[in-house]
Amino acid sequence: MAFPISVSALTGGAAIAGDCDSMAQPGLDWSECSKKSIIIPGSNLEGANLAGTDFTGTDLGNSVLQSANLEKAGLMRASLAGAKAAGANFSRIEAYRANFASISADGAIFASAELQRADLSGASLKKANFEKAELGRVNFQKSLLTDARFSLANLSRADLTGAMLDGKPVFDRAFMFRTRIEGVDLSAAQGLIQPQIDLACGDGATKLPAGLTPPKNWPCASD
């Protein structure tokens, strides 16, 4: 007679999901856990596994998330304002209207992230990767975007005014419909072509790469 083999037997008794009842601490596993609408600012989650965790509406302001894995996490309307997240993996997150203001996330990965209407103003995002990210109406005002990568990203109506885009930021095939670049120095930007600039909203203070020219419709009429 055959007997069913339990999942715990196959895994040596180890839990399949993250340890959802554990307290916030470095290196923990909250993968696929529900942490919705809780207030845990200042938490130390360095190196934590937060893949697929639901943080909808949660306050993680000023937390430590360096090298944490948040791939596919739910961060809709969550706050990570002032968090330290260098090297964190935010790829494929859902973060509509999330607050990342003043986050320090140098080298973080936001590839294919859903960040529509998120606030990344005043953030440090040097060498951050936004490849294929949805960045419609994202606020990048006064952010540090040295060597950031926006390949194939949707920057429709995103606001880059006051942002620092030194180094060699990459914009190849980015969609820049009414992207706000007034006064922005894009002279070192890589991958920009004239049709992208023609769609964007700059002004006489916008600096463009060699060979590109301001379109006649600048500055754009207000929406």
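At 29% relative accessibility, Cys-20 counts as partly exposed, a class that lies between buried (under 20% relative accessible area) and exposed (over 50%), judged with a 1.4 Å probe on protein chains only. Its partner is Cys-33, and a disulfide joins the two with an S to S distance of 2.0 Å; the term is used here for a pair of cysteine sulfur atoms within 2.5 Å. Cys-33, in contrast, is buried, at a relative accessible area of 2%. The model is a predicted one, so local features are reported only at pLDDT of at least 70 and side-chain atom pairs only at pLDDT 80 or more, while totals for chains, interfaces and linings use all residues. Residues are numbered from 1 along each chain as its sequence is written, and side-chain values rest on heavy atoms, with hydrogens and water left out.

As for the overall layout, the protein chain has two helices and zero strands. Both kinds of element are DSSP runs numbered from the N terminus, with helices (H or I) needing at least four residues and strands (E) at least two. Along the principal axes, the C-alpha atoms fill a box of roughly 80 × 40 × 30 Å. Of the 223 residues, 46% count as buried. Ile-103, at 0% relative accessibility, is one that counts as buried, and it is found in the loop between α1 and α2. Its C-alpha atom is separated by 19 Å from that of Asn-49, a residue 54 positions away along the chain.

A search of the whole structure finds two disulfides. The link of Cys-20 and Cys-33 is left-handed, with -85° about the S-S bond. This pair links distant parts of the chain, 13 residues apart, with both cysteines in the loop between α1 (7–10) and α2 (194–199). The other disulfide is formed by Cys-201 and Cys-220, whose sulfur atoms are 2.2 Å apart. Here too the link is left-handed, with -100° about the S-S bond. Cys-201 and Cys-220 both lie in the segment after α2, 19 residues apart. Cys-201 is buried, with a relative accessible area of 2%. With the bonded cysteines numbered in sequence order, the pairing reads 1-2, 3-4.

The backbone has a few features worth a look. Most residues other than glycine have a negative phi, and most peptide bonds are trans. A cis peptide bond joins Trp-218 and Pro-219, with omega about -10°, and Pro-219 lies in the segment after α2. Lys-127 is not a glycine, yet it has a positive phi of about 60°; this lysine is in the loop between α1 and α2 and counts as exposed at 60% relative accessibility. Leu-152 also has a positive phi, near 60°. Leu-152 is placed in the loop between α1 and α2 and is partly exposed, at a relative accessible area of 33%.

Charged side chains come next. Side chains of opposite charge can pair when their charged atoms come close. The count comes to five salt bridges, each defined as a side-chain nitrogen of Lys or Arg within 4 Å of a carboxyl oxygen of Asp or Glu. Among them is the bridge of Glu-71 with Arg-92, whose closest N and O atoms are 2.5 Å apart. Both residues lie in the loop between α1 and α2, so the pair ties together parts that are 21 residues apart in sequence. Glu-71 is partly exposed at 23%, and Arg-92 is partly exposed at 43%. Another bridge brings together the side chains of Glu-131 and Arg-149 (3.7 Å, N to O). These two also lie in the loop between α1 and α2, so this bridge ties parts that are 18 residues apart in sequence. A further bridge is formed by Asp-172 and Arg-173, with closest N and O atoms 2.9 Å apart. Asp-172 is buried, with a relative accessible area of 17%, whereas Arg-173 counts as exposed at 59%.

The surface also carries patches, built from residues with over 30% relative accessible area and no salt bridge, joining like charges within 9 Å and nonpolar side chains (Val, Leu, Ile, Met, Phe, Trp, Tyr) within 5 Å. A positive patch is formed by Arg-77, Arg-97, Arg-117 and Arg-137; Lys and Arg count as positive and Asp and Glu as negative, with His and the chain ends not counted. The place of a charge is taken as NZ of Lys, CZ of Arg, CG of Asp or CD of Glu. Arg-77 is exposed, at 55%. Phe-175, Phe-177 and Leu-199 form a nonpolar patch with about 240 Å² of accessible area together, by the Shrake-Rupley method with a 1.4 Å probe, where for residues only the protein chains shown count as cover.
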